[in-house]
Number of protein chains: 2
Amino acid sequence: MNRTYQKPSLNEPSRPKRFRRGSGRATLADVAKVAGVSAQTVSRVLNNPSAVPTATLEHVRDAIAQVRYVPNRLAGGLASGRSKLVAALVPAIASPVFLETLEALTQALATQGYQLMLGESGYDDADEVQLFENLISRGPDGIVLTRVVQSELARQRLASSGIPVVETWDLTDNPVDMLIGFSHEQVGACVADIMIKRGVKYPAMISGNDPRARRRRIGYAKRLVEKGCLRTEEDLQVAEVPAPAPMGYGRRAFRELLARQVPIDGLFCSTDMLALGALIEAQHRKIIVPDQLAVVGFGDLVIAADTSPALTTVRINGQKLGTLAAELIMRRASGNLVPDKIHDIGFEVVMRESA
Amino acid sequence: MNRTYQKPSLNEPSRPKRFRRGSGRATLADVAKVAGVSAQTVSRVLNNPSAVPTATLEHVRDAIAQVRYVPNRLAGGLASGRSKLVAALVPAIASPVFLETLEALTQALATQGYQLMLGESGYDDADEVQLFENLISRGPDGIVLTRVVQSELARQRLASSGIPVVETWDLTDNPVDMLIGFSHEQVGACVADIMIKRGVKYPAMISGNDPRARRRRIGYAKRLVEKGCLRTEEDLQVAEVPAPAPMGYGRRAFRELLARQVPIDGLFCSTDMLALGALIEAQHRKIIVPDQLAVVGFGDLVIAADTSPALTTVRINGQKLGTLAAELIMRRASGNLVPDKIHDIGFEVVMRESA
DNA sequence: ATGAAAGCGCTAACAG
DNA sequence: CTGTTAGCGCTTTCAT
């Protein structure tokens with residue numbers, strides 16, 4: 001009998017009075033009927049095959065193939081409390097900065113059958129609670145934020161949901177739960193050191209208007225003052241642009257900086273995209289990088305190695321970050337506690353030609 | 001009585017013998033108890049408020065706030081057959097090409113309370129069926145593919161799942177369900193026309209190795225032959241690079257092309273990233289664009305307007321595509337049929353400086 | 001090693 | 001307008 005299995009017609013006279021039709025797809029019970037076992041055994045074949053003898057295993061798997069059974073994980077998740085869904089929230093999907101993280105996260109999750117839900121938070125903090133509750137209502141086994149939670153209310157709601165949370169791309173002393181990040185102030189300070197080592201006299205910065213870019217700027221300005229390159233932090237020439245900033249903003253911001261008629265020989269851009277824009281504008285104006293102007297970016301996007309001149313920048317290991325986030329959550333989901341809740345993954349200065 | 005509502009303790013002596021503890025979070029029933037109504041009424045307040053008088057509405061909403069009720073959509077989805085989840089599959093998350101589409105899709109879905117699940121398919125077609133079943137098992141209300149389904153088996157499985165499917169970024173005569181795309185061959189032909197109009201004598205191409213880039217190439221070569229610019233399609237100078245191609249590949253591919261010692265005065269790059277790479281390499285080698293070399297890209301990434309010279313390219317309205325995909329799926333989910341299953345959204349040539 | 005029963009939290013269907 | 005009942009398809013718990 002090789003015919004395709006047919007679910008019993010819904011119009012059979014024996015159906016109960018109060019009736020709801022299901023999805024029409026094969027269910028565990030259908031497989032069980034065909035295989036001549038109970039639904040429970042089929043479930044075991046799927047979720048814990050080692051508890052089932054080989055003979056039964058094959059038998060049931062044949063039945064699964066025959067009825068083209070596709071599990072319903074909504075039902076499974078409801079029953080077990082484990083949805084195998086992980087939610088991630090990024091400020092802007094179109095921003096290339098988090099792509100590497102997101103990709104690593106997705107891939108690491110996929111290896112264990114987890115699926116990513118993606119949400120967009122925006123750069124402002126409007127309605128954090130609403131945003132989080134939307135995710136929580138989906139019953140994810142974990143939530144990854146590419147930010148630190150802002151409001152106290154949101155913190156409480158997240159914490160009381162009992163769902164593992166990983167805040168990333170930033171450092172804070174009291175994370176909601178777990179944290180993977182690095183110090184933006186230190187990044188700024190490091191870039192200042194590069195400038196100073198190059199003998200830069202007139203430092204400037206093009207900065208996105210998001211909180212983290214601002215903290216890189218503060219670290220940068222502070223160190224410049226410490227080293228005597230600047231009198232006060234306010235003396236730093238800064239052009240601020242709205243995040244997420246496309247390359248064109250970098251060109252324009254650099255023009256604006258030049259228009260101030262103040263000498264500039266060192267430029268820190270809060271993202272590589274902005275740096276690329278500045279580089280292009282410099283080339284356009286025949287300003288020689290790095291001889292006349294040192295340029296440093298942030299992020300080490302794939303483009304950074306191939307600009308002309310190649311961009312000196314700060315690399316965040318987004319892949320490591322994403323993979324680690326996935327690991328922490330999956331470890332938690334499997335019932336294990338995570339020993340280290342705070343991970344400072346640091347950053348790396350990539351010296352190339354532009355500074 | 002303003003105390004926070006407490007769920008009855010799980011250790012009460014009256015609990016049934018066979019016992020499963022839930023998530024510990026408040027449920028509809030808890031809200032109902034506090035509000036002094038039935039669970040059904042609470043459900044109506046949430047999903048169909050117009051069917052409930054204002055007084056009850058407020059009453060229930062107070063109770064919801066009091067117990068900090070967050071709905072469980074896994075349960076809701078299971079019961080109603082509508083999960084308010086939409087799955088999207090992109091070849092590579094790190095590829096900027098689909099970002100605009102993805103962002104528009106996410107945002108359009110979010111307006112109606114839908115949530116995106118993101119998956120990565122890769123550029124090869126390994127295990128399409130597996131990939132799709134993974135998504136299907138999550139019970140999404142729709143599936144958006146940034147590709148056309150390849151294998152017949154995968155087509156059947158998708159179709160028989162009954163889930164609305166939107167294939168995008170391509171055109172085909174027999175879509176699984178709905179389709180939003182444009183003709184890659186026509187894009188290639190259009191670019192050829194630009195080249196010819198510019199008087200290009202020695203056309204070349206840098207192309208990703210994915211099927212759609214190849215079809216753009218075919219359209220390009222065909223038209224060049226038709227117009228007598230090339231003797232045969234094989235005469236086109238092509239450098240092929242692996243997709244998804246970062247900018248650096250464009251630089252290298254262009255070098256490779258130049259190393260062939262064949263004259264080149266027109267270059268079509270299968271993506272803007274590749275074009276940017278070629279542009280940078282040209283600048284590096286003092287090849288004047290567009291005077292000595294016309295360059296045309298594809299995609300109209302945000303960078304394209306701000307390269308130097310500004311990049312002439314082909315624009316796909318990713319935002320429109322994403323929004324439309326969301327609309328089609330949501331219309332279907334609300335029970336309405338979609339009149340037009342195939343949407344050719346075309347493309348737009350954006351003339352800038354590079355050609 | 002396998003099965004039966006109970007229930008996860010919600011909504012559809014029906015009845016009032 | 002509101003409540004009761006019966007599932008959605010699965011896993012947990014317990015019994016064999």
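Colleague: How far from a base oxygen of DNA strand D does a polar side-chain atom of A:Gln40 lie?
Modeller: This is a predicted model, in which local features need pLDDT of at least 70 and side-chain atom pairs count only at pLDDT 80 or more, while totals for chains, interfaces and linings use all residues. Residues are numbered from 1 along each chain as its sequence is written, chains are lettered from A and ligands numbered from 1 in the order in which they are written, and side-chain values use heavy atoms, with hydrogens and water left out. A polar contact is a pair of N or O atoms within 3.5 Å; within protein, one must be able to donate a hydrogen and the other to accept it, and residues adjacent in sequence count only if both atoms are side-chain atoms. For A:Gln40, the distance to the base oxygen of DNA strand D is 2.5 Å.

Colleague: Which residue of chain B places a polar side-chain atom 2.8 Å from a base oxygen of DNA strand D?
Modeller: On chain A, a backbone N or O atom of A:Asn72 lies 3.2 Å from a phosphate oxygen of DNA strand D. The chain B contact, to a base oxygen at 2.8 Å, is made by the side chain of B:Arg44.

Colleague: Which helix supplies the largest share of the surface near DNA strand D?
Modeller: Helices are DSSP runs of H or I with at least four residues, strands are runs of E with at least two, and both are numbered from the N terminus. Helix 2 (39-47) and helix 4 (73-80) of chain A, and helix 2 (39-47) and helix 4 (73-80) of chain B, each supply at least two residues of this surface. The largest share, four residues, comes from helix 4 of chain A.

Colleague: How far from A:Cys229 is the nearest cysteine sulfur?
Modeller: Taking a disulfide as a pair of cysteine sulfur atoms within 2.5 Å, the structure holds zero disulfides over all chains. A:Cys229 is in no disulfide, and the nearest cysteine sulfur, that of A:Cys190, is at 16 Å.

Colleague: Is A:Cys229 buried or exposed?
Modeller: Buried means under 20% relative accessible area, exposed over 50%, and partly exposed in between, with a 1.4 Å probe and protein chains only. The relative accessible area of A:Cys229 is 18%, so this residue counts as buried.

Colleague: Which residue of chain A forms a salt bridge with B:Arg252?
Modeller: A salt bridge is a side-chain nitrogen of Lys or Arg within 4 Å of a carboxyl oxygen of Asp or Glu, and the count over all chains is 38. B:Arg252 is partly exposed at 43% relative accessible area. With the closest N and O atoms 3.4 Å apart, its partner is A:Asp306.

Colleague: Why does this pair join two chains?
Modeller: B:Arg252 lies in helix 10 (residues 247-259) of chain B.

Colleague: How many residues apart are B:Arg147 and B:Glu128?
Modeller: Their side chains meet in a salt bridge at 3.8 Å, N to O. B:Arg147 is in the loop between strand 3 (142-145) and helix 7 (152-161), and B:Glu128 is in helix 6 (residues 128-136). The two are both buried, and their separation in residues is 19.
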